[in-house]
Amino acid sequence: MVEKPAAIAPFNNFARLYDETRARSLRLCRPLQTEDFLIQAADFVSPTKWHLAHTSWFFEHFLLKNTLPHYRPYSPKFDYLFNSYYQTVGKFVPRTERGLLSRPLLSEVYAYRDHVDAAMAALFDRDLFTPENHALLELGVAHEEQHQELILMDILYNFSRNPLFPAYQKNPVPAAQASSLMWVDFPGGLIRVGQSEAGFAFDNERPAYQAVLPPFRMASRLTTNREYKDFIEAGGYVRSEFWLSDGWDWIQREQISKPLYWYDEEGQHFEMSLAGMKKRDPEAPVSHVSFYEADAYARWKGCRLATEGEWECAAGTSEVRGNFLESGKLTPTSPVMDDLVQQLWGDLWEWTQSPYTAHPGYQPLPGALGEYNGKFMANQLTLKGGSCVTPSRHLRKSYRNFFPPSARWAFSGIRLAGNR
């Protein structure tokens, strides 16, 4: 499933952008069997079938209904079934109950996608796009790209709960070769955080603002499985002094003692991946750790996690290149060796210590779309840089991912930082 990387620059041909994005979602589903589309193994994941329908609902509700003359929705019931969380739109199926939707059938969901795609083609043919509609189209595409990553995150979690540990995709990846960990110094100073350039960005990336950073340093690469195992063997999960109080309560309550997909049996060390259960590579980046775990590891090392501003400073004007969805690897690998700070892009999302809050002067989008990002700005942490299941076109320095501090099913890792 190796793809040619999409252009990072905005597409001039919006129809092509739409078609390529929608086709990728379907390609991601090819390895699945019908039974796989319905599973919801935990409250925080969603069935693949629901993702396919919801992304179509997004284009239908926010673009087609208001733009294409005489558009007829595929089914009026889908507004209730496939609205995610937009309170201003109307009622919706609770997230915890999405796995109960055996109907509509998968074939109907595909028919729904075809219906929406045909209507979108008519929209392109009639050239009914105003600048506002173009902005909605780009938002819809970015929204579907987010769900492409969620599809793979959710499939991995669902498959990990199956005692057969099925593989989504058999894809051998060469053993990682982690370079020596070095420290890269940055002078700090006045920097710009966020997005100030024209072109698409989510509302939570704007407006850009100036921040003053003290001198700092960052690790040259992500933390490896071998290094994290040292933390565990040093009693990392049983020594409260390394943990935030809330994190300590969490690992006690949930009986957490290792990263999410680590399995140990008869002296052998394994890790669940989208390629199925495999021997754990000690030199690969440690993944699927929570903010609490990342923070505790950093404290054990006498370090800390970077701030969002420090991460953007370190990224500078670096090219967005790395191990993304298009590579087909779907697992973190060895870093690009010719960068001073390696793995800033791709492989794993990097936890920062920065709360996910509004930039100074932030204004949410008007109407229902104001719920897209703004209402989640509490009790979550910011992550930067993308992962091995993130579409490359989706990323930019100002991009802000966010999860609760206990979340582990994302492709998230650890980069150490410190003061100079």
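The lining of the largest cavity divides into five nonpolar, five polar and two charged residues; here Ala, Val, Leu, Ile, Met, Phe, Trp, Tyr, Cys and Pro count as nonpolar, Asp, Glu, Lys and Arg as charged, and the others, Gly among them, as polar. This is a predicted model, in which local features need pLDDT of at least 70 and side-chain atom pairs count only at pLDDT 80 or more, while totals for chains, interfaces and linings use all residues. Residues are numbered from 1 along each chain as its sequence is written, and side-chain values use heavy atoms, with hydrogens and water left out.

Let's stay with that cavity for a moment. Among the lining residues are Arg221, Glu283, Thr333 and Gln343. A cavity is a set of points on a 1 Å grid over the protein atoms alone where a 1.4 Å probe fits but cannot get out, and lining residues have an atom within 4 Å of a point.

The whole structure holds two cavities of 30 Å³ or more.

Four strands (DSSP E runs of at least two residues, numbered from the N terminus) form an open antiparallel sheet in the order β1-β4-β13-β8, where pairing takes at least two DSSP bridges. The edge strands are β1 (183–186) and β8 (304–305). β8 pairs with β13 (residues 416–419) over two bridges, and Arg304 stands opposite Ala417 in β13.

Definitions and conventions. On a 1 Å grid over the protein atoms alone, a cavity is a set of points where a 1.4 Å probe fits but cannot get out, and a pocket is an open set with protein on both sides within 12 Å along at least five of seven lines; lining residues have an atom within 4 Å of a point. Grid points are joined across faces, edges and corners, and a volume is the space filled by probe spheres set on the points.
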